[in-house]
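Let's walk through this model together, beginning with the protein chains and then turning to the DNA. Please keep the structure open beside you as you read.

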Number of protein chains: 2
Amino acid sequence: MCARQTRPVTRTDVAREAGVSTAVVSYVVNNDPGHVSEATRARVRDAIRRLGYRPNASARALKTGQTGLIGLVVPEVLNPYYAEFVEALDRAASERGSSILLGLTHKDPEGEEKTVRSLVARGVDSLIYQCDFNDEKAYRMGGDSMPRVLLDRSEPLPGLVTVGADSTGGARQVVEHLVGHGHRRIGYVGGRMVGRKSDLRLAAWRQVMAEHHLDAPEPVLTDWSREGGYRSVGDLMDRDDPPTAIFAGSDFTAVGVLQALHDRGLQVPGDVAVASFDGTADSAYTYPALTTVRQPFDEMAGRAVDLLAEDGRAPQSTVFPMALVVRSSCGC
Amino acid sequence: MCARQTRPVTRTDVAREAGVSTAVVSYVVNNDPGHVSEATRARVRDAIRRLGYRPNASARALKTGQTGLIGLVVPEVLNPYYAEFVEALDRAASERGSSILLGLTHKDPEGEEKTVRSLVARGVDSLIYQCDFNDEKAYRMGGDSMPRVLLDRSEPLPGLVTVGADSTGGARQVVEHLVGHGHRRIGYVGGRMVGRKSDLRLAAWRQVMAEHHLDAPEPVLTDWSREGGYRSVGDLMDRDDPPTAIFAGSDFTAVGVLQALHDRGLQVPGDVAVASFDGTADSAYTYPALTTVRQPFDEMAGRAVDLLAEDGRAPQSTVFPMALVVRSSCGC
DNA sequence: TTGAAAGCGTTACCAC
DNA sequence: GTGGTAACGCTTTCAA
């Protein structure tokens, strides 16, 4: 009735049990259409159930050369920004029959290289990069034989496959909105860019200010963290003419900004308005709730996984629009 | 100089290049000690480098029966509570030479079963469960042949391997702290337990109240989300004698509670004190910063991965203490 | 210290 | 429709 031994059931056992060859079992397991008669198919299915047979993933992978694993390189998952990507990518991957092999770098710059190496060694079919440092280097490390995409890039990168959001358009919407509230002194707080040339948000902020003939105060550049946001408020508010509104380069930054503002006894949006960037889930639960522009997480994730499946190694760049989410931190 | 074809380099190629047998290549790759002379070793390493050889993970896994993959079943990663676990587990796993294969259920109750099935089909060596529903059922699904641990369990479960935190002790610390501030009406807000018998936090709160001869107001049970926390505040504060302090069953819940309190124009901790449970990173960045008890994420993660490695199928239960983190939401 | 060779569980080509 | 069987790339025993 039940197997005495723990030896795993193989396709050979099933074949014997069903009185067919191993090839037929393979056909049935892989739903090979038309190849096998209904009667046989049923018999095999039955044997599979009776024996509790489970195909061996490693054997299949060895034979087909495909593991169904997508390696995801991402700094951390405690930052909701990355968490949004991870969730969206997991959904996209599983809809398409793949799984995500997590490669957290834990924000360690050299962890990136280690992570990629480990992912490749585990036999991932493809790679998605969502990282901050040494982008192109890490990207190359994947090896040219493997489909890979660089996520969260707003601009095409020569020779690379990228997917991203229209950061410029998004940032413009935020700053325009703040200007629309009548603010004239709008400060910018964000992190320093590490692996990229420039910060499109910063540039867009400058540009919108200029278009409205407004002076852009000196931006505060810190690191992309809540702590960074917190610290930046001193720099910004201790000036002779502090801003009446702050554009934070990320929701995460804004969380720190908000706390620092509260600690100084300033009202938001009464004394200072705040708006930010990313539209992560937690931006709705700050106090006050953040006005922000939402990243198209699902669209980017879906596209990224599709590109991998297309095996597309032709360099190309996809950019999705961002949408303004109006809440109360701006004064609406 | 460079390979014309894209055919992947195998151990056979390396053997030929180095003028040795494939077995020797294997010895070198796996650092088999003493088995091969320094000269040969160097020759092989050289050939490996020249050819750019990378061992094939699937073939190795097929042969050894080990993939080095740990399946992690977890509802979501956007909730910082789970994100803390994911980060800690990833760290623990990679320190021990394994990788985490992510199995997000996306809070879909039936997703749990699908997720486990998918993880097993991908050939994980072992399974870690960090989930809310149908615990034991999902646990059994892993199959008895596979090492697996149920994470985040404060009490032993007959026949299962569990790792958790001392929730009772943690909750007691929080409530005692609130009592120490002179509060007499301390409310409880938390989620409903789904896969478990009872909520130890709730019980501990009741007990501490009783020990101090304090009446425990009717607890508010909602779901474990920011939204749930937000909604619960109405239930609690519209009473005839609203509490002067609130114990939230999780930081996530507390975030919603805080926002609702602010929206009602109540000061924290002035009008109402708040303290919570979990000690996730974001609890330091609410307004005001939350007093909470911290889960021993790293300890639990490390222990969980160790238990898997020990192949320990003997049911056992490990519980780590929780530590009070005093910040400003309690009125300190 | 090194090599030959037997599988590991599949898939898929080719005969029947 | 069905079955035989040669790989896939690796580990490991056993002999040399």
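The paragraphs below cover the domains, the interface between the chains and the DNA contacts.

This is a predicted model, in which local features need pLDDT of at least 70 and side-chain atom pairs count only at pLDDT 80 or more, while totals for chains, interfaces and linings use all residues. Residues are numbered from 1 along each chain as its sequence is written, chains are lettered from A and ligands numbered from 1 in the order in which they are written, and side-chain values use heavy atoms, with hydrogens and water left out.

Start with chain A, whose domain assignment gives domain 1 (11-56), domain 2 (66-166 + 301-321) and domain 3 (167-296); such bounds come from an automatic or database domain assignment. The C-alpha centres of domain 1 and domain 3 of chain A are 61 Å apart.

Now look at where chain A meets chain B. Each of the two chains brings 48 residues to the contact, which means heavy atoms within 4.5 Å. Together they bury about 4100 Å², with 59% of it on carbon and sulfur atoms; buried area is the accessible area (1.4 Å probe) that two parts lose on being put together, summed over both. On the chain A side, helix 5 (80-95) is one of the elements that supply at least two residues, and helix 5 gives the largest share, seven residues. Helices (H or I, at least four residues) and strands (E, at least two) are DSSP runs, numbered from the N terminus.

What polar links cross this interface? There are 18 residue pairs in polar contact, both residues at pLDDT 80 or more, and zero salt bridges. A salt bridge is a side-chain nitrogen of Lys or Arg within 4 Å of a carboxyl oxygen of Asp or Glu. A polar contact is a pair of N or O atoms within 3.5 Å; within protein, one must be able to donate a hydrogen and the other to accept it, and residues adjacent in sequence count only if both atoms are side-chain atoms.

Finally, follow DNA strand D. It is surrounded by 28 residues, the closest being Thr40(A), Lys63(A), Arg11(B), Ser26(B) and Tyr53(B); a residue is near the strand if one of its heavy atoms lies within 4 Å of it. Helix 4 of chain B supplies the largest share of this surface, five residues. A side-chain N or O atom of Tyr27(A) is 3.0 Å from a base oxygen of DNA strand D.
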